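User: I would like to learn how to read a helix and the pockets beside it. Could you take me through the steps on an example?

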Amino acid sequence: MASQHKHKQRVIRGAEDQLWNDFEAAAAAADTDRSAVTRQLWEWYVQRPGATLPRRPDPSAWEPADPGSST
């Protein structure tokens with residue numbers, strides 16, 4: 001049987017590849033991942049008790065993708 005994810009998968013539409021890659025690099029620079037940052041933002045947005053905005057990495061800690069690159 002194929003492996004199944006523990007949690008239901010969600011999809012984010014309309015995110016350009018460059019944004020997706022930059023988000024991954026920035027999250028990694030903050031010692032986290034895209035899913036954790038997204039959950040934290042959603043919890044803050046719906047005003048869950050105790051929710052805070054995720055920590056942003058220092059801009060010098062990661063390098064954005066080249067705007068002309070598709071990867």
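This is a predicted model: local features need pLDDT of at least 70, side-chain atom pairs count only at pLDDT 80 or more; totals for chains, interfaces and linings use all residues.

User: Which residues of H1 are buried, and what covers them?

Analyst: An α-helix has 3.6 residues a turn, so residues three or four places apart point the same way. In H1 the buried residues are Asp22, Ala26 and Ala27. They cover an arc of only 130 degrees around the axis, which puts them on the same side of H1. Helix H2 (34-45) is included in what covers these buried residues.

User: What is the volume of the largest pocket, and which residues are closest to its centre?

Analyst: The largest pocket has a volume of about 690 Å³, and of the 17 residues lining it, Arg10, Ser35, Thr38, Arg39 and Trp42 are the closest to its centre. H2 provides the largest share of this lining, six residues, and by class the lining has eight nonpolar, five polar and four charged residues.

User: What lines the second largest pocket, by class?

Analyst: The lining of the second largest pocket, whose volume is about 270 Å³, has 10 nonpolar, no polar and two charged residues. Its largest share, three residues, comes from H1, and among the lining residues are Ala26 and Ala27, which are also buried residues of H1.

Note on methods. Residues are numbered from 1 along each chain as its sequence is written. Side-chain values use heavy atoms; hydrogens and water are left out. Buried means under 20% relative accessible area, exposed over 50%, partly exposed in between (1.4 Å probe, protein chains only). Helices (H or I, at least four residues) and strands (E, at least two) are DSSP runs, numbered from the N terminus. The arc is that of the directions from the helix axis to the C-beta atoms. Contact means heavy atoms within 4.5 Å. On a 1 Å grid over the protein atoms alone, a cavity is a set of points where a 1.4 Å probe fits but cannot get out, and a pocket is an open set with protein on both sides within 12 Å along at least five of seven lines; lining residues have an atom within 4 Å of a point. Grid points are joined across faces, edges and corners, and a volume is the space filled by probe spheres set on the points. Ala, Val, Leu, Ile, Met, Phe, Trp, Tyr, Cys and Pro count as nonpolar, Asp, Glu, Lys and Arg as charged, and the others, Gly among them, as polar.
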